[in-house]
Amino acid sequence: MDNKPYVDEWGVGWKVHPYETPFGQGHYTEIDSHPLADEAAIASYRPPDPNRPELYLDSERTIRDFKDEYWIVGVTVTTIFETAWALRGLEQMMLDMAMDPDLANHILDIPFHYHLAAAKKLVEMGVDMIWTGDDMGAQHKMLISPKMWRTYFKPRMAAFISELKALNPDVKVAYHSDGN
């Protein structure tokens, strides 16, 4: 891993921080800038294309070479919430959900539609399971209220899973939520 700051395909800026371990120096990344921090940027924002063939080359090879021997899992982590707050900023995304539901829904739909398209492609390719996830849990409770989760995330996850099951009723879906 390079130790220079970078911007990912979503437009999210990242800093790289070194740290010492008993085995030498390691690096971790943390978000440094959010492409939708300024509300004016939202209207013109274009997310990455989930239909780019190069995204699925490794999956295609893995399914072809190992489908008969192994359980194959397609991964669409940071499915909705984490990508949304990477785009907007955690504090601002939380404020949007509390004070501007229309704006929050617009932003949440960006990663929802991207990851749904990717998951559908993986199911069509033949994976056995889709791994979804958003860090909703802290050490002792959720990061948001259950009511807010039911408002913003439950309907999206229900639609997500329903669309995958419509493609393959036998596909399994895992939902990682982190924390307690």
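Strands here are DSSP runs of E of at least two residues, and helices are runs of H or I of at least four, numbered from the N terminus. Two strands pair if DSSP finds at least two bridges between them.

This is a predicted model, in which local features need pLDDT of at least 70 and side-chain atom pairs count only at pLDDT 80 or more, while totals for chains, interfaces and linings use all residues. Residues are numbered from 1 along each chain as its sequence is written, and side-chain values use heavy atoms, without hydrogens and water.

Stepping back, the order β1-β2-β3 describes an open, antiparallel sheet of three strands. At its edges lie β1 (6-7) and β3 (24-33), each pairing on one side only.

Now turn to the largest pocket, with a volume of about 470 Å³. A pocket is an open set of points on a 1 Å grid where a 1.4 Å probe fits, with protein on both sides within 12 Å along at least five of seven lines; lining residues have an atom within 4 Å of a point. Of its 21 lining residues, Trp10, Val77, Thr78, Thr83 and His115 are the closest to the centre.

His115 sits in helix α4 and is buried, at 7% relative accessible area (buried means under 20%, with a 1.4 Å probe and protein chains only). Beyond its neighbours within four places in sequence, His115 has contacts (heavy atoms within 4.5 Å) that include Trp10, Val77 and Phe160.

Note on methods
Grid points are joined across faces, edges and corners, and a volume is the space filled by probe spheres set on the points. Buried means under 20% relative accessible area, exposed over 50%, partly exposed in between (1.4 Å probe, protein chains only).
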